[in-house]
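User: I would like a close look at one part of this model. Please keep it brisk and connected.

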Amino acid sequence: MDYYLNTNNTLNRLLTEYKKYGSLVIAYDFDDTVYDFHRKGHDFSDIITLLCELKSINCCLICWTGQQDLDFVKSYLNELQIPVDLINENPPFYQSSSRKIYANAYLDDRAGLHQVFLELKKVVELVKNNKI
């Protein structure tokens, strides 16, 4: 199996980056990751709790969305106390004209959400227990 397809290696990469910088940049999708876009009654409290835990260990959180109404997005995040540092913008240290948002990890309902969720939970656990 290729190095980056091995989940132990992707977790180790996140841990190495956190240890080096004391932070990670996490981009999270809005629709169907923290907001019930299709109104199916989904509960996103596990993701929201994780985002709060990531913020508590000094992570930069970027909401990454295709929503046109960014005032609605800001209002929703604020109302539910979902931490956000930027919306659809790169962190200040990463200047690029690319449309792709820089992040160490992406939480997205259409892109390996479960694996990334578990890896980031492990990062939080290890940081909070002073194991990295």
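Analyst: The model is predicted. Ala 105 is buried, because its relative accessibility is 6% and the cut-off for buried is under 20%. Ala 105 sits in strand S4, residues 105–107.

Now its surroundings. Neighbours within four places in sequence are set aside here; beyond them, Ala 105 is in contact with Leu 14, Val 25, Ile 26, Ala 27, Val 116 and Leu 120. Take Leu 14. Along the sequence, 91 residues separate Leu 14 from Ala 105, yet their C-alpha atoms are 8.0 Å apart.

Helix H1 spans residues 7–21 and includes Thr 10. Thr 10 has a relative accessible area of 17%, so this residue is buried too. The side chain of Thr 10 makes a polar contact of 3.4 Å with the side chain of Gln 115.

Next, helix H4, residues 113–128. Its axis and that of helix H2, residues 45–56, come within 10 Å and cross at roughly 40°. H2 is therefore oblique to H4. The crossing of H2 past H4 is left-handed. On the H2 side, Asp 46, Ile 47, Leu 50, Glu 53, Leu 54 and Ser 56 make the contact. H4 contributes Leu 113, Phe 117, Leu 120, Lys 121, Val 124 and Lys 128. By class, the residues of this contact are seven nonpolar, four charged and one polar.

Note on methods. Residues are numbered from 1 along each chain as its sequence is written. This is a predicted model: local features need pLDDT of at least 70, side-chain atom pairs count only at pLDDT 80 or more; totals for chains, interfaces and linings use all residues. Side-chain values use heavy atoms; hydrogens and water are left out. Helices (H or I, at least four residues) and strands (E, at least two) are DSSP runs, numbered from the N terminus. Buried means under 20% relative accessible area, exposed over 50%, partly exposed in between (1.4 Å probe, protein chains only). A polar contact is a pair of N or O atoms within 3.5 Å; within protein, one must be able to donate a hydrogen and the other to accept it, and residues adjacent in sequence count only if both atoms are side-chain atoms. Axes are lines fitted to C-alpha atoms, for helices over the stretch in contact, and angles run from 0 to 180 degrees between N-to-C directions. Angles under 35 degrees count as roughly parallel, over 145 as roughly antiparallel, 65 to 115 as roughly perpendicular and the rest as oblique. A crossing is left-handed if the near helix is turned anticlockwise from the far one by less than a right angle, and right-handed if clockwise. Contact means heavy atoms within 4.5 Å. Ala, Val, Leu, Ile, Met, Phe, Trp, Tyr, Cys and Pro count as nonpolar, Asp, Glu, Lys and Arg as charged, and the others, Gly among them, as polar.
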